[in-house]
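Visitor: I have a model open on my screen and would like to talk through it with you. Could you take my questions in whatever order they come?

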Amino acid sequence: MEVLNLEATLRPETGKNKVKQLTKTGLIPANISGGKSDPIAVSIDPQQLEKLYKSKFGSNTIIKIAIKNGEKTEKEETVLSHEISRHIIRQNLTHISFLR
C-alpha cells in the first residue's frame with residue numbers, strides 16, 4: 001500500500017471564532033487524534049487535500065502528515081481519514097478529522 005504525503009501547519013488557536021477566521025483565509029481546520037498522544041489542531045491547504053482525495057487511492061489510504069510550526073517541520077504523523085465534513089450545498093471541504 002502506498003503512503004501519501006501531506007503538509008499541515010500547527011494551529012495554536014482553537015474555538016469557533018478562530019476557526020471561522022481560518023476558513024475565511026482559505027484554509028481547512030483539521031484535528032489529529034487517537035493513540036496515547038494528545039490531539040493536535042492543524043490547518044491544511046484545501047487544494048492539496050482535494051488533489052489527494054481525487055487521486056486513485058481516495059480517502060481510504062494511509063497519509064503521512066508533516067506538521068510545520070512556522071518554517072520548520074515539528075513532527076510527522078501517520079494517519080487515516082476518520083471524518084470528512086463538506087458544505088451541504090457547495091460540497092467544498094469544511095473540516096477533517098484524522099486518526100493516528
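Visitor: Is Asn5 buried or exposed?

Guide: Asn5 counts as exposed, because its relative accessibility is 59%, where exposed means over 50% relative accessible area, buried under 20%, and partly exposed in between, with a 1.4 Å probe and protein chains only. Please keep in mind that this is a predicted model, in which local features need pLDDT of at least 70, side-chain atom pairs count only at pLDDT 80 or more, and totals for chains, interfaces and linings use all residues. Residues are numbered from 1 along each chain as its sequence is written, and side-chain values use heavy atoms, with hydrogens and water left out.

Visitor: And which strand does Asn5 lie in?

Guide: Asn5 belongs to strand β1; strands here are DSSP runs of E with at least two residues, numbered from the N terminus.

Visitor: What is Asn5 in contact with, leaving aside neighbours within four places in sequence?

Guide: Its contacts are Leu52 and Lys64, contact meaning heavy atoms within 4.5 Å. The C-alpha atom of Asn5 is also separated by 8.9 Å from that of Ile62, 57 residues apart along the chain.

Visitor: How does β1 run relative to β4, parallel or antiparallel?

Guide: Strand β1 (residues 4-10) and strand β4 (residues 63-69) run parallel and are joined by 6 bridges, and two strands are said to pair if DSSP finds at least two bridges between them. Within this pair, Leu6 stands opposite Ile65.

Visitor: What about β4 and β5?

Guide: β4 pairs with strand β5 (residues 72-86) in the antiparallel sense, over 7 bridges, and Ile67 stands opposite Lys75 in β5. The hairpin of these two strands has 2 residues between them, and Gly70 in that hairpin takes a positive phi near 80 degrees.

Visitor: Which residue is the bridge partner of Ser81 in β6?

Guide: That partner is Phe98, and β5 pairs with strand β6 (residues 93-99) in the antiparallel sense over 6 bridges.

Visitor: What do the strands make up overall?

Guide: They form a closed barrel of 6 strands, in the order β1-β3-β2-β6-β5-β4, with mixed pairing. The twist averages 45 degrees from one strand to the next, taking axes as lines fitted to C-alpha atoms, for helices over the stretch in contact, and angles from 0 to 180 degrees between N-to-C directions.

Visitor: Switching to Ser43, is that residue buried or exposed?

Guide: Ser43, found in strand β3 (residues 40-44), is buried, because its relative accessible area is 7%. Leaving aside neighbours within four places in sequence, Ser43 is in contact with Ala8, Thr9, Arg11, Leu22, Leu27 and Ile28.

Technical notes
Helices (H or I, at least four residues) and strands (E, at least two) are DSSP runs, numbered from the N terminus.
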